[in-house]
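Here's a quick briefing to read with the model open on your screen. Have a look at the fold first, then work through the notes below.

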Amino acid sequence: MSRPYCQFPITLALLAFPVFAADTPGSEAPVTFSKDVAPILYKNCAGCHRPNDIAPMSLLTYKDARPWAASIRQAVVQRIMPPWHADPHFGKFANDPRLRDEEIATISAWAKQGAKEGNPADLPPQPKFNDDWKIGKPDAIVDIGQDFKVDRKSVPDEYVYFTVDPHFTKDTWVKAVELRPGNRRVVHHAHVWIDTPETAESRPRVDANGNPIPNYVYKDEYGLQRLKPDAPVIQNGCLKEDGGNLPGRKLNDGTGPLGSYLPGKAPDAYPPGTAKLIPAGAKLKFQLHYNNTIGSPQTDRTQVGFIFADRPPEHPLRRVDSSAYLFLIPPGESNQEVSNCTTFQKDVMLMSYVAHMHFRGKDMRFEIERPNGQRETLLFVPHYSFAWQQIYRLQDPVRVEKGTRLIVTAHFDNSSNNKWNPDPTKTVRWGEPSTSEMMDGWVEYIDAPPAKPSQFTAQR
Ligand code: HEC
C-alpha cells in the first residue's frame, strides 16, 4: 500500500522546517494542486467527481476544483468524503476508501494556503475511466423491458418494480453482475434479484402442527407491501430466535440481490471461487428508485449484465437476512431501538455486510455471540444514510461456528430533528415505500471448509 506521492509534501515539510513536524504539515511548505493535491483527487475522488458521474461537480482540473477548495477541505477533514459509514474501530474492509491522515493534511494545507495551482507541468496524467461495462464484456444483458418515462414532477422519489424473463433455459451460475442505469441523471439506485415466490400470498398458511399462521402483510394501492396496522409489536426480536420476523417467513438462506447500483458502489464481482445461481426459468425482479430533479420528462431503460461462471462454484455465495418486520416507531421518537437475532446452523465464513433502513434509520450494529459466550462487534454504522447504502466487504472472511448468534440492533429517529424524516407525526411500521421503514441486516457468507486446527485460531 505505498502511495509515495502523498507522502512527499510531508517529507518536504519535515526536511525544510523540522520544527513544525508533522502536525502542521505544509504550514510553510507550499502545497500545490498540480503536484500534491491532484494525485489524491485523481485516485480517491475522480471516480465519482467527473463529468457525467454521480457527484455534482468534477474535480479533474484546477479550474474545476479551485472554487470548491474550502468545501473539499471540510469534506475530507470531517471524513464526509469519500463516503464511508463504518466505524473504523470494528472490522477491516477490502473496499474501505478512507483517506490517510497525510492525504487529509495535504488537502487541508493546500486550501489554507490559498489553493495554489503550482506548475501545470507537475500534473499527473488524468485518470482514464472505463465507461463500458466495468465487469468486462457481459455474457448476457437483460433490461427492464421498456423505455420507462420518469416525469412525475410532483413525486420526486419514485420506486418502480419491473419483472422480466431473462430466458435462461438452464441453471446459470453468475460470478459478476453489473447494473447499468439507462439514464444516470434520474436513476438514484437499482437492485436486481431473482424473483422468488417468497411473497405474502405464497407463505405457508399453517405451521408444522397444522395451526394457522397469521398473515400480517398486505399490498397497498401501488402494489407495495406493508405491515397491517394491527400486527403485533415486537421491538426486541432477540427474545426468541428470529423473533422480529414475520411468522411463517423462512429465515432467508438464499442469495439476496444479485446486484445493486447504489451511489458510488462498485459492481458486484463476487469473491473469487464463489458464484450465485439463477435457476432455469427464473424471472428477474428489478427495483428502480428514480429521482427526477431535472424538470423535463426523462426516459430510462436500465440494464443488467452478467458474467457467467464456467462451472458450479466450490462455495456458492449465500446470504442470511436478519430482518425485523414487527417493530413500531412512535411519532416523534428519536431513538427507537429495534433488534433481531438469528443463529447459524452450520459453520460459515462471513464475507460482507449491508445495513438497510429508510429515511428514519439512524444507526445499525452487527454483532456475533459465539457458543462460548464471547461477543464481538462486526460492523457499526453510527450515522446511517439512506443515500449511501454501502456494502462492507471483509478483507479476511470471519469464521463462525455453528450455534453462533448474529445480533443486529438498529435505532430509528422519527423526530423532527431528523432532517430526512418525511413526517415526524406518523406512527411508522414496516413497508416497502421509503416513507415506511425497513430493518435489514444482510450478511453474505459461504459454507466453511472444515477447520484445520491452526488455521483459524487467529481469526477473531
Ligand atoms: C462514491 C462517489 C464519491 C467519491 C469517491 C467522492 N465523492 Fe464527493 N460527492 C459525491 C456525491 C454524490 C456528492 C453529492 C451528494 C452528497 O453530498 O452526498 C458529493 C459531494 C461532495 C462535496 C460537496 C459537499 C457539499 O458541501 O455540498 C465535496 C466538497 C466533495 N464531494 C469532495 C470529495 C472529495 C475531495 C473526494 C475524494 C477525497 C470525494 N468527494 C469523493 C460522491 C463522491
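A strand here is a DSSP run of at least two residues of type E, and strands are numbered from the N terminus. Keep in mind that you're looking at a predicted model. The notes start with a lysine in one of those strands, move to the iron site and the ligand's surroundings, and end with the nonpolar cores.

**A lysine tucked inside**
- Lys276 sits in strand S11, which covers residues 274–278.
- The Lys276 side chain has a polar contact with the side chain of Glu444, at 3.1 Å.
- That lysine side chain also reaches the backbone oxygen of Pro257, at 3.0 Å.

**The iron site**
- Which protein atoms hold the ligand's iron? The donors are NE2 of His49 and SD of Met81, and they lie 2.0 to 2.3 Å from the iron atom.
- Those two residues come from distant parts of the chain, 32 residues apart. His49 is in the loop between helix H2 (33–44) and helix H3 (62–65), while Met81 is in the loop between helix H4 (69–77) and helix H5 (101–112).
- His49 has 10% relative accessibility, so it counts as buried. Met81, with a relative accessible area of 29%, is partly exposed.

**Around the ligand**
- The ligand is surrounded by 18 residues, and the closest are Cys45, Cys48, His49, Pro56 and Met81.
- Helix H4 gives the largest share of that shell, with four residues.
- A polar side-chain atom of His49 is 2.7 Å from a nitrogen atom of the ligand.
- Over at Trp388, an N or O atom of the side chain is 3.5 Å from an oxygen atom of the ligand.

**Nonpolar cores**
- The largest nonpolar core has 45 residues, and Leu350, Tyr353, Phe366 and Met439 have the most contacts inside it.
- Several strands give two or more residues to this core, among them S16 (318–324), S18 (348–356), S19 (361–369) and S23 (439–447).
- This core draws at least three residues from each of domain 1 (4–122) and domain 3 (227–249 + 317–460).
- There's also a second, separate core of 33 residues, including Val142, Phe148, Ala190 and Ile278.

Technical notes: Residues numbered from 1 in each chain as written. Predicted model: local features only at pLDDT ≥ 70, side-chain atom pairs only at ≥ 80, totals over all residues. Heavy atoms only, no water. Donors = N, O, S within 2.8 Å, 3.2 Å for Na, K, Ca; no water. Buried < 20%, exposed > 50% of the residue type's maximum accessible area, 1.4 Å probe, protein only. Core = buried A, V, L, I, M, F, W, Y, C linked by side-chain atoms within 4.5 Å. Domains from an automatic or database assignment. Near = heavy atom within 4 Å. Polar contact = N/O pair within 3.5 Å; in protein donor to acceptor, adjacent residues only side chain to side chain.
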